[in-house]
Amino acid sequence: MSTLRSVTIYCSSSRSLDPHFSVAARAAGELLARHNITLVYGGGGLGLMGEAARACKAAGGRVEGIITRKFLNLEQGWDGCDELVVVDTMRERKRLLIERADAFLVLPGGMGTFEEFFETLVGRQIGDHDKPIAVLDDHGYYLPLQSLIEHAIRERFVRSAVREIVQFGTELEPLLEWLQVHAHTPVHADPERFLPMGPKG
Ligand code: AMP
């Protein structure tokens, strides 16, 4: 029995992707459904967002979407959601996406996904929340992101403790297990370990 009740998924809204990216997005939706974990996401029907949400629902899972009024049309707000929350601003959308999650799963995406990932990671670093973040490196898509973070650690712009709060992986199931373990054993109580201005290290 899973101890996670909800996972927020961040991923692409693009309609122009290589279809191979859809496979993992659907698998992610199905995996959450199988574990009885609510899928929370941006509420759209397009791209990997739509793929993950439809697959979760088709597998008997629960889906909650958070979308802005403006994006309801643009991203084809998905009426298959068990709950579709329509908010006024992107800020409110992101706040609810973080608030409603027990953990986060990042799938391939563009600027919106990057922003959501970094905002959630920074929130974790400064101790605004204590929820774990996993990144699915599907088809090598996130190797450059992982390299960027490692580069920043090597150059001492980022503390190596960041590796404890974000997990990269190429397989969904181990990532979900990592989220399950870390949702209930937060790795730190001291944001200073994570902040660049902390003690020299
Ligand atoms: P993308 O990765 O660019 O395809 O975007 C993925 C999702 O992030 C889409 O639902 C976008 O609407 C959403 N998004 C883009 N920018 C923002 C933002 N500033 N705040 C919240 N969500 C955003």
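Modeller: Let's start with a term: a salt bridge is a side-chain nitrogen of Lys or Arg within 4 Å of a carboxyl oxygen of Asp or Glu. Please keep in mind that this is a predicted model, where local features need pLDDT of at least 70 and side-chain atom pairs count only at pLDDT 80 or more, while totals for chains, interfaces and linings use all residues. Residues are numbered from 1 along each chain as its sequence is written, and side-chain values use heavy atoms, with hydrogens and water left out.

Colleague: Thanks! How many salt bridges does a search of the whole structure find?

Modeller: The search finds 16. In one of them, Glu 64 pairs with Arg 100, with 2.8 Å between the closest N and O atoms. Helices (H or I, at least four residues) and strands (E, at least two) are DSSP runs, numbered from the N terminus. Glu 64 sits in strand β3 (residues 63-68) and Arg 100 in the loop between α4 and β5 (103-106), so this pair ties together parts 36 residues apart in sequence.

Colleague: Is Glu 64 buried or exposed?

Modeller: Buried means under 20% relative accessible area, exposed over 50%, and partly exposed in between (1.4 Å probe, protein chains only). Glu 64 has 11% relative accessibility, so it counts as buried. Arg 100, at 26%, counts as partly exposed.

Colleague: Which residue forms a salt bridge with Arg 100 at 3.1 Å?

Modeller: That is Glu 83, which is partly exposed at 29%. Arg 62, Glu 64, Glu 83 and Arg 100 are linked in a network of salt bridges.

Colleague: Now the ligand, please. Which residues come nearest?

Modeller: A residue is near a molecule if one of its heavy atoms lies within 4 Å of it. There are 16 residues around the ligand, and Ser 13, Glu 75, Gly 110, Thr 113 and Glu 115 come nearest. The largest share of this shell, 5 residues, comes from α5.

Colleague: What polar side-chain atoms lie 2.6 Å from the ligand?

Modeller: For a polar contact, look for a pair of N or O atoms within 3.5 Å. A polar side-chain atom of Thr 113 lies 2.6 Å from a ligand oxygen, and one of Glu 115 lies 2.6 Å from a ligand nitrogen.

Colleague: Which salt bridge does Glu 115 form?

Modeller: Glu 115 pairs with Lys 94, the closest N and O atoms being 2.8 Å apart. Glu 115 lies in helix α5 and Lys 94 in helix α4, so the pair ties together parts 21 residues apart in sequence. Glu 115 is partly exposed at 45%, whereas Lys 94 is buried at 13%.

Methods:
Polar contact = N/O pair within 3.5 Å; in protein donor to acceptor, adjacent residues only side chain to side chain.
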